[in-house]
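Please report on the fold below.

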Amino acid sequence: MAHFQTKIGADPATAAQWLLAGECVGIPTETVYGLAANALNPAAVVRIFEIKDRPAFDPLIVHVSGLAQAERYATDFPAPLRLLAERFWPGPLTVLVPRHDIIPDLVTSGLSRVALRAPAHPVAQALLRALHFPLAAPSANPFGYISPTTAQHVYDQLQGKIPYILDGGPCRVGVESTIVGYEAGQVVVYRLGGLALEQIEHTTGPVQLQLNQNSNPAAPGMLLSHYAPRKPLTLMPRPAGLPAGDPASRTGLLLFRDRADLPAHTRKVVLSPSGDLAEAAQRLFAALRLLDQADDVDVLVAEVCPEEGLGRAINDRLRRAAAR
Ligand code: TXA
Ligand code: MG
């Protein structure tokens, strides 16, 4: 694999030049950072899989500037998905629609649908509008690890493997997009994410959830063990106390909100002191990384959030991180 002197910068034109040359670059989105390549160039897309060490059966989301561009890559746009796209794009929503032939097999892992998303980040929008092709981009982490929410996170794991990381600051949403499709007259949610289920149901009516798939998944991001830190993680149900054992010894504690009932703790991260789910989601992955990398921590314990709004996506990621 080629070796690069990886640069971090805030210039969409530099990112565009590398992408035009068939290389991969790190890009900001409002959810997490992506590892982007020209989605219409199979040779460039192949490099995404190599760099991430990602199995070829796990397809990639294609990023577009908006609905008009998205329609070029779909042979059909089911009405409920169009309605969602009109309402929530640009934003943390990915739709699975029948794919146009122009999308390479590699991008969809041979599946009949392509995943399309218009990201809301202004820098990503500027980049997409400067290009004449859409961007295939998975989260910019090695396969199975926690997604990056800053340019530095991307650098820490992919330096040397890509020429450029486009820095757009810390991600505002902090968890990946919600993935939605349409099957047999039903809206189906395959991955909980940055667009709350309640908002989707408010638009389309009740949806079906298809979240856990262990083999040949429709959305392999839903493999049970995913988004995982390297250290073992246990979940702490609310509002119970700490699990048995000595909580003070080398345990990194990830709390949803501040709690007075726990012993003073050396390694404690409070996701949102006031208990705001959007703030907790925004900080989740950076906090997991911090505890995963702390020298004085051997095991992680995370408090489960209320199962509503973005709390569902947070809990989903925590459960998958704990499943090993
Ligand atoms: O917020 C996000 O969605 C971020 C940013 C960068 O846009 N991207 C992201 O990509 O999370 P990734 O590859 O880490 O997760 C995308 C998930 C994967 O689990 C993949 O299996 C699923 O989407 N997916 C992509 N294309 C698909 C397709 N054609 N059919 C079914 N599932 C698909
Ligand atoms: Mg990912």
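Contact here means heavy atoms within 4.5 Å. Ile48 sits in helix α2 (residues 42-52). Helices (H or I, at least four residues) and strands (E, at least two) are DSSP runs, numbered from the N terminus. Ile48 counts as buried because its relative accessibility is 0%. Buried means under 20% relative accessible area, exposed over 50%, and partly exposed in between, with a 1.4 Å probe and protein chains only. Pro80 is 32 residues from Ile48 in sequence, and the two C-alpha atoms are 31 Å apart in space.

The model is predicted: local features need pLDDT of at least 70 and side-chain atom pairs count only at pLDDT 80 or more, while totals for chains, interfaces and linings use all residues. Residues are numbered from 1 along each chain as its sequence is written, chains are lettered from A and ligands numbered from 1 in the order in which they are written, and side-chain values use heavy atoms, with hydrogens and water left out.

**The sheet**

The 11 strands of an open sheet run in the order β1-β8-β2-β3-β7-β4-β6-β5-β9-β10-β11, with mixed pairing. β1 (7-9) and β11 (208-209) are the edges; each has a single partner strand, so one side of each lacks a neighbour in the sheet. Two strands pair if DSSP finds at least two bridges between them.

Helix α1 (residues 12-20) lies across β2 (25-27), β3 (34-38), β7 (135-136) and β8 (164-166). Helix α1 runs at about 135° to β8. Axes are lines fitted to C-alpha atoms, for helices over the stretch in contact, and angles run from 0 to 180 degrees between N-to-C directions.

β9 (residues 178-183) and β10 (residues 186-191) pair antiparallel over five bridges. They form a hairpin with two residues between them. Ala184, in the turn, has a positive phi of about 45°. Glu183 has Gln186 in β10 as its bridge partner. Tyr182 stands opposite Val187 in β10.

On to the next pairing. β10 and β11 are parallel, over two bridges. Val188 stands opposite Gln208 in β11. Together with helix α8 (residues 197-204), β10 and β11 make a right-handed β-α-β unit. Right-handed means that, with the strands pointing away from the viewer, the path from the first strand over the helix to the second runs clockwise. Five of the six residues of β10 are buried, so the rest of the structure largely encloses this strand.

**Salt bridges**

The whole structure holds 16 salt bridges. Each is a side-chain nitrogen of Lys or Arg within 4 Å of a carboxyl oxygen of Asp or Glu. Three of them are tabulated.

| Glu30 | Arg117 | 2.9 Å |

Glu30 and Arg117 are 87 residues apart, the former in the loop between β2 and β3, the latter in strand β6 (residues 113-117). Both are buried.

Glu71 lies in helix α3 (residues 67-71) and Arg82 in helix α4 (residues 79-88), so this pair ties together parts 11 residues apart in sequence. Glu71 is partly exposed at 33% relative accessibility. Arg82 is partly exposed at 27%.

Glu176 lies in the loop between β8 and β9 and Arg317 in helix α10 (residues 311-322), so their link spans 141 residues in sequence. Glu176 is buried, at 4% relative accessible area. Arg317 is buried, at 1%. Salt bridges with shared partners join Glu176, Asp316, Arg317 and Arg320 into one network.
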